[in-house]
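Visitor: I would like to learn how to read a structure like this one. Please take it feature by feature.

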Amino acid sequence: MEQLELLREDLAQCDEILLNTLLMRNRIVEQIMAYKEANNIPILQPQREARIEKWLSDSIAGKKHQKEIKEVYDTILRCSKQIQARKIFDYNIVLIGFMGAGKTTISSFLSTLFAMEIVEMDEIIAKREGMSISDIFETYGEEYFRDAETNLLIEMQSKKNVVISCGGGVPLRERNVAEMKKNGKVVLLTAKPETILERVKDDHSRPLIENNKNVEFIGELMEKRREKYTAAADIVIVTDGKSTLEICNELVDQLLKD
Ligand code: S3P
């Protein structure tokens, strides 16, 4: 019995050490963020994460309970990303832009780097309706789809710190722009018609361009929408010729300055 009590005391000491270490770790994470902000160093440095992973797998090689330790570390790193995200963004990030501008790609990258929840509007609407976007257009018409978009944006106002990837037509309704701005900063991603064509040419999920996949049509539709997109945007990021990481770094940088 006495031995059991002693072991429990040892365990309690371990927990104390772990807790203090976690508190210290989180404080350092915040200090690093502040340092990067003050010195104009990009906040997103995915190569750092790769290095920590390498260090961990080297350090636990040959040791017991590797899977469990890895799980704990994954959680620590995810939480540390969330701490960073909450410190920088106390609002939703709303990505808008033409079809193929990169909203889905950028939202997914941002969500991995900051452990933020993604709201992919098209995907959620399609799932709720139990059919593809093309089938929704065909069965109920575009207005029905646009109403579903408005309702989803209103629903998102109860959330904070999520990345909302809007369908390309969302900012065309004035009401939608008002709703997304209530608790979100709006980021417009742009790309030249040539870039858009290259990105969407093999995809068949977009009814509005399915039968007109050419630079002229895309350019004209883009021009018709340009004013509304620009008016809705808090910040604008040109995506042509840039890597996903470059775009995300620019986006975070501009959001911090906004
Ligand atoms: C649309 C864009 C699509 C989808 C629907 C209508 C639009 O989303 O919502 O086909 O009006 O621009 P993506 O921009 O994600 O392709």
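Guide: Start with the elements: helices (H or I, at least four residues) and strands (E, at least two) are DSSP runs, numbered from the N terminus. A61 lies in the loop that joins α2 (46-60) to α3 (66-88). This is a predicted model, in which local features need pLDDT of at least 70 and side-chain atom pairs count only at pLDDT 80 or more, while totals for chains, interfaces and linings use all residues. Residues are numbered from 1 along each chain as its sequence is written, and side-chain values use heavy atoms, with hydrogens and water left out.

Visitor: How many helices and strands does the protein chain have?

Guide: The protein chain has 11 helices and five strands. Its C-alpha trace spans about 80 × 45 × 35 Å along the principal axes. For one distance within the chain, take A61 and R225: they are 164 residues apart in sequence, and their C-alpha atoms are separated by 55 Å.

Visitor: What does the accessible surface of the protein chain come to?

Guide: Accessible areas come from the Shrake-Rupley method with a 1.4 Å probe, and for residues only the protein chains shown count as cover. The total for the protein chain is about 15,100 Å², and 53% of this belongs to carbon and sulfur atoms.

Visitor: How many salt bridges are there?

Guide: Side chains of opposite charge can pair when their charged atoms come close. The rule for a salt bridge is a side-chain nitrogen of Lys or Arg within 4 Å of a carboxyl oxygen of Asp or Glu. By this rule the count is 21. One of them links D58 to K54, with the closest N and O atoms 2.6 Å apart. Both residues lie in helix α2, four residues apart, which is about one turn of the helix. D58 counts as partly exposed because its relative accessibility is 48%.

Visitor: Which residue does K242 meet in a salt bridge?

Guide: The side chain of K242 meets that of E250, at 3.1 Å from N to O. K242 is partly exposed, at 29% relative accessible area, and E250 is also partly exposed, at 26%. Salt bridges can also share partners, and in this way E142, R146 and E149 are joined into one network.

Visitor: Where is E149 found, and what is it in contact with?

Guide: E149 is found in helix α7 (residues 142-155). With a relative accessible area of 1%, E149 is buried. Contact means heavy atoms within 4.5 Å. Setting aside neighbours within four places in sequence, E149 is in contact with M121, D122, I125, G167, G169 and V170.

Visitor: Which residues make the nonpolar surface patch?

Guide: Patches are made of residues with over 30% relative accessible area and no salt bridge; like charges are joined within 9 Å, and nonpolar side chains (Val, Leu, Ile, Met, Phe, Trp, Tyr) within 5 Å. Here M24, I28 and I32 make a nonpolar patch of about 260 Å². I32 lies in helix α1 (residues 2-38), and its relative accessible area of 44% makes it partly exposed.

Note on methods: Buried means under 20% relative accessible area, exposed over 50%, partly exposed in between (1.4 Å probe, protein chains only).
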